[in-house]
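Below are some notes on this entry, in numbered points. Please read them with the coordinates open.

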Amino acid sequence: MFIRKLSMKPVKRLLNWTLVLSMNVSILSAVSVANPSDVHAATSNLTLTSSNQDLTDAFNWAKSMALSKVQTGIGNNIPSYQAALQNRSVFCMRDWAHQVDGAHLLGLDNENYSMLRAFASLQTSARKWYSIWEVNYDGSISPIDYKSDTVFWRNLVGMFELVDKGYRQYQWTANSNLLNDTTLNSFYSHTLNEFISQHDGNGNGIAEEHSNDGFKGVSSYNEGPDYTLREAADGLSSQYQAFLAYSKMLAAKGDSTGANTWNTKATNLRNTFNSNWYSSTDGRYIRGFTDGAYAPVTNFGYESSWFIPLKEISNPGTNNTNYLDFIYNSFNSSPSPNIEAWTYLPDVFYTWNQNDRAWNYLKHVMDSRSDYPEVSFTTISAIATGMMGIQPDAGANMVTTLPRLPSGNPSEVAMVDLNNVPLGTHNLEVKHEGNVKTTLTHNSGSASLSWEAEFPGAYANLSVNGTSQPASTKSVNGTTVSYVTVNIPVGQSVVVATGATPPQQAANSNLINNPGFESGSANWVFTGGSGTATNNPHTGSKLAYLDAGTSNKISQTITIGTSGTYTLSGWVSAGSTGGILGIKVNGTPRASANIPNKATYNQQTISNMALNSGDSVEIYVTGPSSQWVNIDDFSFIKN
């Protein structure tokens with residue numbers, strides 16, 4: 001949900017509670033409720049290590065935040081997690097569709113399946129084959145957006161996204177229930193047949209709505225539009241992806257005739273868009289046609305604009321490249337105050353291999369530290385499927401990788417390593433060093449894994465475990481990539497590289513977060529008599545202090561991204577001897593420096609520590625038994 005979540009006037013909701021209650025009783029009989037013994041522990045083995053400490057910290061925050069949204073096993077809840085506004089105890093169709101990849105990566109496959117099936121079970125002919133926009137954690141209809149079968153919040157984009165994400169879950173899990181479950185099969189078929197038929201007034205095969213009021217039906221995720229769009233590009237592009245998904249579902253079930261039929265429908269829809277939804281006058285795509293006059297609209301429309309490249313309905317080429325520029329410039333000129341809108345942009349630009357733009361948007365999303373559920377879930381997925389380019393095909397025991405680390409400043413993210421990636425019966429570790437070297441470790445699995453290792457650029461050969469092999473090339477959304485396909489037995493690692501030298505972590509880059517305490521206690525752990533103050537900083541406006549007592553301590557833990565030698569320094573002053581500046585590596589004391597009895601600031605340094613990629617380093621200061629210590633301006637750099 002877009003504008004409505006921020007600033008639209010409250011809707012007066014005269015709910016027919018008796019109707020809602022009676023419908024929910026019947027619905028719950030079709031949705032399995034979790035047993036108390038099935039309460040989700042809300043844990044995940046997924047880990048990330050990077051040369052960029054901000055990226056590592058953001059991942060760890062996002063993982064913790066996303067897992068805190070899990071609702072499985074609480075009371076009568078079905079396996080589920082929050083996917084809606086922070087103050088709503090529901091899961092919303094749109095939000096769930098955007099969180100599903102992140103949820104899978106965190107091990108929430110049961111939740112994904114259960115929530116999709118809940119949406120599917122709520123589809124009825126009485127609502128013209130719409131499902132329900134928001135569902136309670138127990139699988140029943142939420143009264144927030146429902147008054148009756150004729151007055152309820154509905155958005156046609158979400159219906160198509162549910163079909164698309166059903167197949168997406170199958171790609172990750174190879175769970176045949178996603179293809180064969182009767183409730184899901186019925187939903188897929190009704191959505192792509194009866195639903196479209198009942199929402200296609202002009203008979204052109206494109207689903208439509210005729211209002212800006214969600215309780216009457218809207219055609220776009222942009223809920224605060226300047227036009228009433230009969231047909232919107234985000235609806236059309238999502239319908240295209242739903243057709244493709246259904247075609248692939250049928251192919252996986254062995255129905256080649258049905259698969260070809262729906263693939264042809266998808267191709268025709270894409271051809272229609274590229275032929276009829278481009279304005280040569282304005283030099284950009286049409287994002288919708290108005291209700292009534294059926295006039296084309298080409299100005300910037302947030303979701304109705306960026307879903308065009310996001311859903312890959314636009315053909316690669318000049319028109320698409322220019323449109324990506326249009327989206328980038330338009331959004332930067334008028335950025336949304338809604339963080340949900342920002343969460344789509346990394347996906348948009350990673351899809352088209354515009355790594356630096358995607359990374360800049362991802363940094364904004366990460367830095368927000370918003371508890372809006374989409375922020376944490378999509379941070380996880382944008383790193384894995386966007387930056388790391390991990391694309392699953394669990395049914396074929398296959399995975400594809402395409403590194404999309406920043407290219408404008410390669411040292412900004414020189415390395416990123418994602419471990420315990422779930423893929424069907426497999427568990428993987430993927431490590432990119434720049435965009436030129438990838439290591440894939442097959443941690444566990446029931447069979448060998450086929451890996452297509454892709455790299456941007458045209459290379460005649462790629463190195464596989466040090467042996468040169470001929471490379472193939474292809475175009476991925478307009479970008480030439482080179483690739484080899486290798487087989488990886490369980491328990492083995494394979495390194496594929498272009499031969500180019502991977503970027504190194506930037507020298508003199510301070511790995512300490514909030515080194516001068518200008519953000520107060522952020523990123524630090526304070527124990528005992530310790531804290532921040534403003535009375536006597538070394539520089540800036542704040543410092544940290546320890547009162548008397550050897551149990552008083554401040555500390556910060558970071559993960560080493562690049563092996564090498566490192567130097568720690570910090571500015572201290574103290575009322576007596578006995579304070580210690582120290583370092584622990586993987587829990588073991590490595591080095592320390594005694595803090596002298598000096599009331600004026602002096603720099604203490606621990607030099608030339610050899611550290612390895614992945615090492616967990618705790619930097620700490622403890623105080624003397626009888627006097628104070630002031631601390632400021634830490635630095636921890638790779639030499």
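1. In this predicted model, five strands make up an open sheet, ordered β20-β23-β28-β25-β26, with antiparallel pairing. The edges are β20 (525-527) and β26 (588-595), each of which pairs on one side only. From one strand to the next, the twist averages 20 degrees.

2. Strand β25, residues 579-585, runs antiparallel to β26, and seven bridges join the two. Within this pairing, G579 stands opposite I595 of β26.

3. For the chain as a whole, the secondary structure amounts to 15 helices and 29 strands. The radius of gyration is 27 Å, close to the 26 Å from the globule rule for 639 residues, so the chain is as compact as a globular protein of that length. The C-alpha trace spans about 85 × 65 × 55 Å along its principal axes.

4. How much of the chain is buried? Of the 639 residues, 58% are buried, taking buried as under 20% relative accessible area.

5. A last point concerns contacts along the sequence. Counting contacts between residues at least 6 apart in sequence, 69% join residues at least 24 apart. A contact here requires heavy atoms within 4.5 Å.

Conventions. Residues numbered from 1 in each chain as written. Predicted model: local features only at pLDDT ≥ 70, side-chain atom pairs only at ≥ 80, totals over all residues. Heavy atoms only, no water. Pairing = 2+ DSSP bridges. Helix = DSSP H or I, 4+ residues; strand = E, 2+ residues; numbered from the N terminus. Axes fitted to C-alpha atoms, helices over the stretch in contact; angles between N-to-C directions. Rg over C-alpha atoms; globule rule 2.2 N^0.38 Å. Buried < 20%, exposed > 50% of the residue type's maximum accessible area, 1.4 Å probe, protein only.
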